Amino acid sequence: MSRKLFMLLIVIGVNLSYSCKNSGEQKETENNRVQNKILQQKDGTISLKVDKAECYSDMVHPSSNTAEWNVVVSKSGRFNVWLSSATTDTTDLQYKNSVRLNIHDNRLVANPECDRIIQNSSDVIYPYFRADSFMGSLFIQDTGLYNIQVISEKIVPKDYKNDDYSIDENTKLLSIFLTPVTR
């Protein structure tokens with residue numbers, strides 16, 4: 001009888017230890033997901049940097065290069081969408097294809113042009129300048145978690161080396177900003 005009781009206690013102990021271990025792993029996975037989310041700033045701005053995105057790159061066909069972010073929108077409304085590029089030529093950003101932005105059912109397509117040049121930006125180093133391009137505006141109706149996707153040939157992989165690919169280095173996509181429209 002004592003042997004059966006001892007075996008029962010071992011089985012219960014193993015199950016208890018295993019279940020505690022799994023709940024810790026679940027919490028760790030949930031924390032990683034929370035850390036990978038971009039939070040909307042207090043002023044309503046949503047700032048999406050390409051180097052913080054999940055990027056998918058095809059350097060043979062770069063027009064399908066994609067950057068994605070999970071964004072928590074806490075203040076819905078109308079937003080102006082700006083694209084920031086690092087460029088060596090402020091007169092021509094040299095985007096061969098239009099840039100596409102997808103947020104839920106909202107889609108913007110634009111051919112980036114230099115709408116404003118930001119001098120002495122900390123986002124770029126010489127010989128680059130930061131050029132901002134207005135893409136348009138869109139309305140985000142509800143608050144919550146959104147997946148934002150940008151598709152452009154100017155999304156350059158983080159581990160890009162000039163020897164690996166033949167890519168035009170005059171311009172690269174830095175970030176996307178969604179700024180709230182105020183009346």
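This is a friendly dialogue about reading a predicted model, one feature at a time.

Trainee: Let's start with the sheet. In which order do the five strands of the open sheet come?

Mentor: Keep in mind that the model is predicted. The order is β2-β11-β5-β9-β8, and the pairing is antiparallel.

Trainee: Which strands stand at the edges, and why is one side of each left without a neighbour in the sheet?

Mentor: Those are β2 (46-49) and β8; each has a single partner strand, so one side of each has no neighbour in the sheet. From one strand to the next, the twist averages 25 degrees.

Trainee: Over how many bridges do β5 and β9 pair?

Mentor: There are 11 bridges, in the antiparallel sense. If you want a place to look, find A86, which stands opposite R130 in β9.

Trainee: Now a single residue. Where does S84 lie, and is S84 buried or exposed?

Mentor: S84 belongs to strand β5, residues 77-87. To judge burial, look at relative accessibility, where buried means under 20%. S84 has 0%, so it counts as buried.

Trainee: Which residues is S84 in contact with, leaving aside its neighbours within four places in sequence?

Mentor: The list is R130, A131, D132, K172, L173, L174, S175 and F177. R130 is also the residue opposite A86.

Trainee: What is phi of Q94, and where does Q94 lie?

Mentor: Phi of Q94 is near 60 degrees, a positive value in a residue other than glycine. Q94 lies in the loop between β5 and β6 (99-103). Its relative accessibility is 24%, so Q94 counts as partly exposed.

Trainee: And N120: what is its phi, and is N120 buried or exposed?

Mentor: N120 is not a glycine, yet its phi is positive, at about 55 degrees. You will find N120 in the loop between β8 and β9. With 81% relative accessibility, N120 counts as exposed.

Trainee: Which peptide bond is cis?

Mentor: Look at the bond from Y126 to P127, which is cis with omega near 15 degrees. P127 has its place in the loop between β8 (116-118) and β9 (129-140).

Trainee: Next, charges and rings. Over which ring does the charged end of R116 sit?

Mentor: For such a feature, check how far the charge is from the ring centre; the cut-off is within 6 Å. The charged end of R116 sits over the ring of W82, 3.8 Å from its centre. K172 lies over the face of Y128, at 5.1 Å from the ring centre.

Trainee: Let's finish with β4. In which sense does strand β1 pair with strand β4, parallel or antiparallel?

Mentor: Strand β1 (residues 37-39) and strand β4 (residues 66-73) pair in the parallel sense, over three bridges. In this pairing, K37 stands opposite N70 in β4.

Trainee: How do strand β3 and β4 run, and how many bridges join β4 to strand β10?

Mentor: Strand β3 (residues 54-56) and β4 run antiparallel, joined by three bridges. Y56 stands opposite T66 in β4. Between β4 and strand β10 (residues 144-151) the pairing is antiparallel over eight bridges, and V72 stands opposite L145 in β10.

Key:
Residues numbered from 1 in each chain as written. Predicted model: local features only at pLDDT ≥ 70, side-chain atom pairs only at ≥ 80, totals over all residues. Heavy atoms only, no water. Helix = DSSP H or I, 4+ residues; strand = E, 2+ residues; numbered from the N terminus. Buried < 20%, exposed > 50% of the residue type's maximum accessible area, 1.4 Å probe, protein only. Contact = heavy atoms within 4.5 Å. Pairing = 2+ DSSP bridges. Axes fitted to C-alpha atoms, helices over the stretch in contact; angles between N-to-C directions. Lys NZ or Arg CZ within 6 Å of the ring centre and 35° of its normal.
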